[in-house]
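Work through the following exercises with the sequence and the model side by side. Each task is followed by a solution in steps.

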There are 2 protein chains.
Amino acid sequence: MLKGNAVVGQGGGPTAVINASLCGVIEACREQSQVARCLGMRFGIEGFLEDRLIDMDAEAPETIAGLKTTPGSALGSCRYKLRDTDFPRLLEVLRRHDIRFFFYIGGNDTMDTIHRLEGYCRAQGYEMVGVGVPKTVDNDLFGTDHTPGFGSAARYVAISVKQAGILARDMQRVDQFVIFQTVGRSAGWLAAASALAKTAEEDAPHIILLPERPFDRERFLTDVERAHDRYGWCSVVCGEGITYPDGTPVSAAQVTDRFSNVEFGAMGGTSAAMMLHRMIGNAFGRRGEFQVCESLQMCAADRVSETDREEAYACGRRAVELAVQGITGKMVALRRTSGDPYRWSLDTAELSEVAARAKPMPDEFIHPDGNFVTEAFLQYARPLVGPLPDYIRLTGKPVA
Amino acid sequence: MLKGNAVVGQGGGPTAVINASLCGVIEACREQSQVARCLGMRFGIEGFLEDRLIDMDAEAPETIAGLKTTPGSALGSCRYKLRDTDFPRLLEVLRRHDIRFFFYIGGNDTMDTIHRLEGYCRAQGYEMVGVGVPKTVDNDLFGTDHTPGFGSAARYVAISVKQAGILARDMQRVDQFVIFQTVGRSAGWLAAASALAKTAEEDAPHIILLPERPFDRERFLTDVERAHDRYGWCSVVCGEGITYPDGTPVSAAQVTDRFSNVEFGAMGGTSAAMMLHRMIGNAFGRRGEFQVCESLQMCAADRVSETDREEAYACGRRAVELAVQGITGKMVALRRTSGDPYRWSLDTAELSEVAARAKPMPDEFIHPDGNFVTEAFLQYARPLVGPLPDYIRLTGKPVA
């Protein structure tokens with residue numbers, strides 16, 4: 001039976017519940033006699049290479065419990081692709097601290113890191129198990145029904161689009177459109193989740209633009225005009241990574257500032273939402289606004305989906321339970337055992353498969369017109385996001 | 001004793017609690033025997049000119065009560081400057097519906113509308129009282145300690161900057177700065193309120209740029225570098241309306257899209273935050289992001305300050321109580337009767353004075369260096385925003 005120390009790290013962008021997974025790992029380690037000490041990597045694998053480890057056992061139980069409701073990646077994170085030359089150094093740090101249990105919370109790249117490190121250790125005869133804990137707001141991880149972090153980010157998006165839609169409806173005499181941009185470069189899950197904001201036909205959003213479908217400018221302007229004709233205003237939600245059919249990002253633009261610096265595309269800070277805003281302004285001469293919240297949707301601890309938090313915590317715990325059984329090379333995965341009522345259980349996926357693939361939205365979740373989602377998607381997403389706040393509508397009976 | 005019908009409207013941009021004021025007006029009207037019926041203007045004075053009135057008495061009490069927690073401007077709003085030629089038409093609508101009590105919830109322009117209409121009616125011998133209910137997230141109304149709506153928008157800003165700051169600290173190996181832009185073209189109250197997010201020196205925000213102070217590019221870059229040296233990252237909050245010493249908006253830029261359309265400034269959708277982002281990128285080659293939430297900070301019903309909601313509701317009620325006493329030409333105002341513990345009471349201000357002036361941040365609330373706020377401001381703002389969520393910090397004891 002494997003005994004020794006454990007290490008846990010957080011990789012890539014955060015979610016509002018990635019610290020709940022961290023809490024699960026640490027609390028479970030404290031319960032397992034095979035795990036002597038639990039260490040934390042400062043700034044993920046990049047900090048590990050620098051031997052920047054912290055002592056999780058020195059943290060008070062209340063601090064660890066408080067991770068469940070704290071945003072950010074409390075250990076610090078990184079985006080670092082391992083080079084072949086890094087492995088001897090990694091093994092040296094593992095040996096120095098007698099680390100036999102390796103836990104890393106993250107997305108594809110993180111799973112790739114565990115996969116490669118775990119294989120290297122085996123080849124070198126160093127006994128260590130490596131288990132991944134899934135995480136990404138983008139929901140594009142293969143091998144799991146959904147990823148911890150998605151439900152909460154989706155909740156942030158749906159609440160924002162719902163509230164801004166009510167505002168836009170009421171301000172239609174001043175501004176005629178509102179555009180909300182979500183993160184998610186190649187997968188549209190978060191943009192899609194905004195559809196949960198809609199409870200009546202006139203509600204926001206009216207148009208959802210997904211990276212899974214090429215952007216068609218004429219089609220888009222026609223859709224905007226139709227919404228405007230019907231409702232007097234228009235709500236658009238777009239994924240940041242939408243592209244023209246030739247692959248050019250919609251965000252591509254040249255920006256010249258007052259010092260005559262010219263920059264192109266993302267470096268210039270332009271966004272898809274800004275370009276859509278300009279298209280509508282140019283085509284119809286209408287006023288509107290665009291909203292680019294960026295990482296705010298990854299850290300809104302006060303807008304967390306409770307189901308998401310619970311699942312994130314459970315995934316962290318399960319990773320430890322698997323590891324002490326000697327299971328390695330796996331990522332904890334979520335299975336949906338029932339849709340309505342929603343029920344879930346824990347399973348595993350192969351790290352090698354998770355690392356190699358991504359999961360864009362399937363066709364059955366995208367409306368045939370490519371500008372909205374289907375009922376099947378709403379059924380998929382609703383339990384993950386949880387009930388949204390309900391607001392009143394005036395009857396608005398005209399005075400005779 | 002004046003008897004007849006009442007009308008209530010909402011003008012300008014909304015706040016998260018403008019419907020709480022509406023609720024206060026309607027509920028108080030229902031209690032006053034002098035008020036026969038309460039009517040609502042669809043889309044403010046613009047709808048009133050079109051005789052678009054709705055019957056508030058046809059709404060269920062639960063619907064009216066639900067206004068307290070519903071974002072948007074439930075009656076619909078407008079931005080419409082009255083022309084001299086509009087007054088006869090307004091009087092005609094007033095007479096037709098026997099309106100003797102005129103309530104309008106809004107900012108400077110709204111107060112100007114009531115003031116002029118109330119004067120016109122008096123001159124024409126039509127007996128009507130007009131009372132204003134203050135509202136603006138910008139907090140720049142003269143004659144009141146603060147405006148309903150500010151506390152909730154400030155809360156949205158402070159929560160966002162706090163959460164994004166934790167994320168940025170933890171992601172400093174990937175992105176080194178984060179910029180949050182608030183609304184408020186000429187007054188920096190909302191940008192200033194982000195300072196409430198800070199509980200330790202390293203916390204966000206590190207730099208606050210206010211429209212009350214000219215923007216100095218070199219100074220800004222020096223401040224960014226200092227924060228980066230100290231903390232490894234930098235959080236900047238800016239008001240949307242910051243300008244260079246010559247009055248040029250920092251947001252001014254030329255944007256050329258792939259169709260070679262060129263636009264300048266706000267029409268091109270550029271923002272101050274985007275230009276600051278580019279400055280830092282150009283100067284230091286660092287990565288970062290900017291967040292432009294626009295009207296999301298005016299409608300976040302789930303992030304309302306309870307004090308703000310309570311005050312907004314009370315202001316609505318008080319307008320009716322004043323009107324039935326025959327008081328006219330006034331705006332309800334908030335007085336701070338005690339700072340700590342915070343206590344408030346209701347008072348009035350002259351519509352004519354409110355309409356003519358604005359209230360930028362006073363010098364004693366702005367740090368002498370012009371890049372942050374003072375303790376006096378924090379004491380002013382804290383009770384209006386309410387307690388912010390508390391998050392844990394790891395001790396982070398290094399492993400020997």
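**Exercise 1. Find the partner of B:Asp302 in a salt bridge and describe where both residues lie.**

Solution. Step 1: B:Asp302 pairs with A:Arg303, and their closest N and O atoms are 2.8 Å apart. A salt bridge here is a side-chain nitrogen of Lys or Arg within 4 Å of a carboxyl oxygen of Asp or Glu.

Step 1: B:Asp302 sits in the loop between β11 and α10 (306-324) of chain B, and A:Arg303 in the loop between β11 (288-292) and α10 (306-324) of chain A, so the pair joins two chains. Helices (H or I, at least four residues) and strands (E, at least two) are DSSP runs, numbered from the N terminus.

Step 2: B:Asp302 is partly exposed at 32% relative accessibility, whereas A:Arg303 is buried at 1%. Buried means under 20% relative accessible area, exposed over 50%, and partly exposed in between (1.4 Å probe, protein chains only).

A note on the source: this is a predicted model, in which local features need pLDDT of at least 70 and side-chain atom pairs count only at pLDDT 80 or more, while totals for chains, interfaces and linings use all residues. Residues are numbered from 1 along each chain as its sequence is written, chains are lettered from A in the order in which they are written, and side-chain values use heavy atoms, with hydrogens and water left out.

**Exercise 2. Describe the interface between chain B and chain A.**

Solution. Step 1: chain B contributes 92 residues to the contact and chain A contributes 92 residues, where contact means heavy atoms within 4.5 Å.

Step 1: the two chains bury about 7,400 Å² between them, with 58% of it on carbon and sulfur atoms. Buried area is the accessible area (1.4 Å probe) that two parts lose on being put together, summed over both.

Step 2: six salt bridges are counted between chain B and chain A. In the pair A:Arg173 and B:Glu46, the N to O distance is 3.2 Å.

Step 3: the elements of chain B that give two or more residues to the side touching chain A include β2 (35-41), α6 (150-170) and α9 (272-284). With nine residues, α6(B) gives the most to that side.

**Exercise 3. Compare two salt bridges within chain B: B:Arg213 with B:Asp363, and B:Asp223 with B:Arg226.**

Solution. Step 1: the side chains of B:Arg213 and B:Asp363 meet at 3.1 Å, N to O. B:Arg213 lies in the loop between β7 and α8 (217-231), and B:Asp363 in the loop between α11 (351-356) and α12 (375-385), so this pair ties together parts that are 150 residues apart in sequence. B:Arg213 is partly exposed at 26%, and B:Asp363 is exposed at 56%.

Step 1: for B:Asp223 and B:Arg226 the N to O distance is 3.5 Å. These residues are three apart in helix α8 of chain B, which separates them by about one helical turn. B:Asp223 is buried at 6%, while B:Arg226 is partly exposed at 40%.
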